[in-house]
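This briefing goes through the structure shown below, topic by topic. Please keep the sequence and the model at hand.

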Amino acid sequence: MNDKINRGQLVRTYIGEGLAPFKFEYKGYHGDSWKFERNMKGAVQTISIYPYRFDQRMITFELYTDVKNSTYASEMGTNVIQAGMIEDITTNSEMRGYWKYDTEDELIEVLNDMKDVLMKKGMRILVQLS
């Protein structure tokens, strides 16, 4: 197992390039996650990508906005939508909403899968949260 994977660079490259057409900008690594944001009709929409705290070889994402109590958020019971809450997504680990990897190539594959979910389902959820 290669212990020297530059996760941050890979996240910025593979997720960032996929989100760029949607006007998302990389906002840096804050706390324990890589943040991408866009301003849409006055609402700040955020995609936060982060490793599982108990296993750094697992990664997931959250979607949220600065809009409080949208109808969609009220229906979901939260303003933060985690990957595991999204219907019909497929991940490669036993934990719902988390992707597992061991090598840099596997991480790239995982990030591409995650990017597809974000583009196909995440954008719609962020609009609903706004």
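**Aromatic pairs**

Ring pairs link Tyr 52, Phe 54 and Tyr 98 into a cluster; rings of Phe, Tyr and Trp (its six-membered ring) pair if their centres lie within 6.5 Å, and planes under 30 degrees apart count as stacked, over 60 as edge-to-face and the rest as tilted. The model is predicted: local features need pLDDT of at least 70 and side-chain atom pairs count only at pLDDT 80 or more, while totals for chains, interfaces and linings use all residues. Residues are numbered from 1 along each chain as its sequence is written, and side-chain values use heavy atoms, with hydrogens and water left out.

- By this ring rule the count comes to five aromatic pairs.
- The rings of Tyr 26 and Phe 36 have centres 5.3 Å apart and planes at 55 degrees, so this pair is tilted.
- Tyr 26 lies in strand E1 (residues 25–30) and Phe 36 in strand E2, so the pair ties together parts that are ten residues apart in sequence. Helices (H or I, at least four residues) and strands (E, at least two) are DSSP runs, numbered from the N terminus.
- Tyr 26 is partly exposed, with a relative accessible area of 31%, whereas Phe 36 is buried, at 1%. Buried means under 20% relative accessible area, exposed over 50%, and partly exposed in between (1.4 Å probe, protein chains only).
- Tyr 52 and Phe 54 form an edge-to-face pair, 5.5 Å centre to centre with 80 degrees between the planes.
- Phe 54 counts as exposed, at 62% relative accessibility.

**Nonpolar core**

- The largest nonpolar core has 32 residues, of which Ile 47, Ile 49, Ile 59 and Phe 61 touch the most other members. Such a core is a set of buried Ala, Val, Leu, Ile, Met, Phe, Trp, Tyr and Cys residues joined through side-chain atoms within 4.5 Å.
- Two or more residues of this core come from each of helix H1 (7–19), strand E2 (33–40), strand E3 (43–52), strand E4 (55–65), helix H2 (71–76) and helix H3 (104–129).
- H3 gives the most to this core, with eleven residues.
- Leaving aside neighbours within four places in sequence, Ile 59 is in contact (heavy atoms within 4.5 Å) with residues including Val 11, Trp 34, Ile 49, Trp 99, Leu 111 and Met 114.

**Packing of H1 and H3**

- H1 and H3 pack at an angle of about 35 degrees, with their axes 9 Å apart. Axes are lines fitted to C-alpha atoms, for helices over the stretch in contact, and angles run from 0 to 180 degrees between N-to-C directions.
- Residues of H1 that meet H3 include Val 11, Tyr 14 and Ile 15, and among those on the H3 side are Leu 107, Leu 111 and Met 114.
- The residues of this contact of H1 with H3 divide into twelve nonpolar, two polar and three charged. Ala, Val, Leu, Ile, Met, Phe, Trp, Tyr, Cys and Pro count as nonpolar, Asp, Glu, Lys and Arg as charged, and the others, Gly among them, as polar.

**Single residues**

- Met 40 is found in strand E2 and is partly exposed, with a relative accessible area of 30%.
- Leaving aside neighbours within four places in sequence, Met 40 is in contact with Gln 45 and Val 127.
- Ser 70 lies in the loop between E4 and H2 and counts as buried, at 8% relative accessibility.
- Lys 41, in the loop between E2 and E3, has a positive phi near 55 degrees and counts as exposed, at 83% relative accessibility.
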